[in-house]
Amino acid sequence: MNIALDLLQFKADLKTKTVEGQSYLFDAIRKKYLVKTPEELVRQLLVFHLLKVAQYPSARIAIEKELIINQRQKRFDLLVYSKSFQPLILIECKAPKVQLSDQTFRQAATYNFKLKADFLVITNGISTYCCQMNYEEKTYQFLDTIPNDS
């Protein structure tokens, strides 16, 4: 079930700069400028959705942290922690031109084997999918929204 997110509503919130012809976006969580790539743009717009719409505090959002999976270094895109600082929402971001597929879900699910977040989200900024994990029954259910902080 594709979630209707209007991420472009946050475009005015983005801080950008250009240095020697290279465009940069300010990451409000990590407090630094990053090279503006299509994937980074999606990630930063989604951060504003998490902060402004879903009402998560910035202290509970992690970006591009390292995981070791099968002795290999991996990095997740976004992780939202619960109020008790347990993994709550694992988010995989892709560039808008990247079609979301089973492979995208598998990538996020592989990261989630280690994290055990309650929710998995994949987005390319155009299409967004969220599912709630049920670890006891080894199932998941698609939702029509990204959960808010409650």
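Helices (H or I, at least four residues) and strands (E, at least two) are taken here as DSSP runs, numbered from the N terminus. The structure is a predicted model, in which local features need pLDDT of at least 70, side-chain atom pairs count only at pLDDT 80 or more, and totals for chains, interfaces and linings use all residues. Residues are numbered from 1 along each chain as its sequence is written, and side-chain values use heavy atoms, with hydrogens and water left out.

Helix 1 has 16 residues and spans 22 Å from first C-alpha to last, close to the 22 Å expected at 1.5 Å a residue, where the expected span is 1.5 Å times one less than the number of residues. Just after helix 1, Q55 takes a positive phi of about 65°.

Turning to the interior, a nonpolar core is a set of buried Ala, Val, Leu, Ile, Met, Phe, Trp, Tyr and Cys residues joined through side-chain atoms within 4.5 Å. The largest such core has 28 residues, with L78, I89, I91 and I146 making the most contacts inside it. Helix 1 supplies the largest share of this core, 6 residues. Leaving aside neighbours within four places in sequence, L78 is in contact (heavy atoms within 4.5 Å) with residues including L46, I61 and I89. A second, separate core of 14 residues includes F76, L100, A117 and C131.

Terms used
Buried < 20%, exposed > 50% of the residue type's maximum accessible area, 1.4 Å probe, protein only.
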